[in-house]
Amino acid sequence: MSINVQYSVFSNLLEWIKSFLSDRQQHTRIGSAVSGPVNINSGVIQGSCIGPILFLLYINSIVKVIKEDVTCVLFADYVKLYTVLKANAHIINLQEALDSIGHWSVKWQMPISIKKCSVILYGN
């Protein structure tokens, strides 16, 4: 199955999103102590209502780098790949899908947490 998703964002909304994500600073408070301002260059504001939506729009492009014979499932910031391995070609396709996700993560500056990765093999 091929998925081709495009989003239409009109200029007023696009300008609002750009403004929301640009020229931001944050402070950290512990008890009554407050740090000085620090510039924020990437990411969305934690706890914002639109943050999860912007993240989903961002992460959804990852499915475009996966070939059709490997299934890619997204849930929040988790990505699951799976396929049936019946021949060496299937193993190669799965490895190519993993490599594609690795390249995607570098391109879009979304590092993969290797400590959270795992492999499950079902079969004989």
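Buried means under 20% relative accessible area, exposed over 50%, and partly exposed in between (1.4 Å probe, protein chains only). This is a predicted model, in which local features need pLDDT of at least 70, side-chain atom pairs count only at pLDDT 80 or more, and totals for chains, interfaces and linings use all residues. Residues are numbered from 1 along each chain as its sequence is written, and side-chain values use heavy atoms, with hydrogens and water left out.

**Exercise 1.** Classify Trp 108 as buried, partly exposed or exposed.

Solution. The relative accessible area of Trp 108 is 37%. Trp 108 is therefore partly exposed.

**Exercise 2.** Determine how the rings of Tyr 58 and Trp 108 are arranged.

Solution. Rings of Phe, Tyr and Trp (its six-membered ring) pair if their centres lie within 6.5 Å; planes under 30 degrees apart count as stacked, over 60 as edge-to-face and the rest as tilted. Here the centres are 6.0 Å apart and the planes stand at 85°, so the pair is edge-to-face. Tyr 58 belongs to helix 2 and Trp 108 to the segment after helix 3 (88–107), so the pair ties together parts 50 residues apart in sequence. Helices here are DSSP runs (H or I, at least four residues), numbered from the N terminus. Ring pairs also link Tyr 58, Trp 104 and Trp 108 into a cluster.

**Exercise 3.** Describe the pair formed by Trp 16 and Phe 20.

Solution. The structure holds 3 aromatic pairs. In one of them, Trp 16 and Phe 20 are stacked, at 5.4 Å centre to centre and 10° between the planes. The two residues are 4 apart in helix 1 (residues 11–21), which means about one helical turn separates them. Phe 20 is buried at 17%, whereas Trp 16 is partly exposed at 45%.
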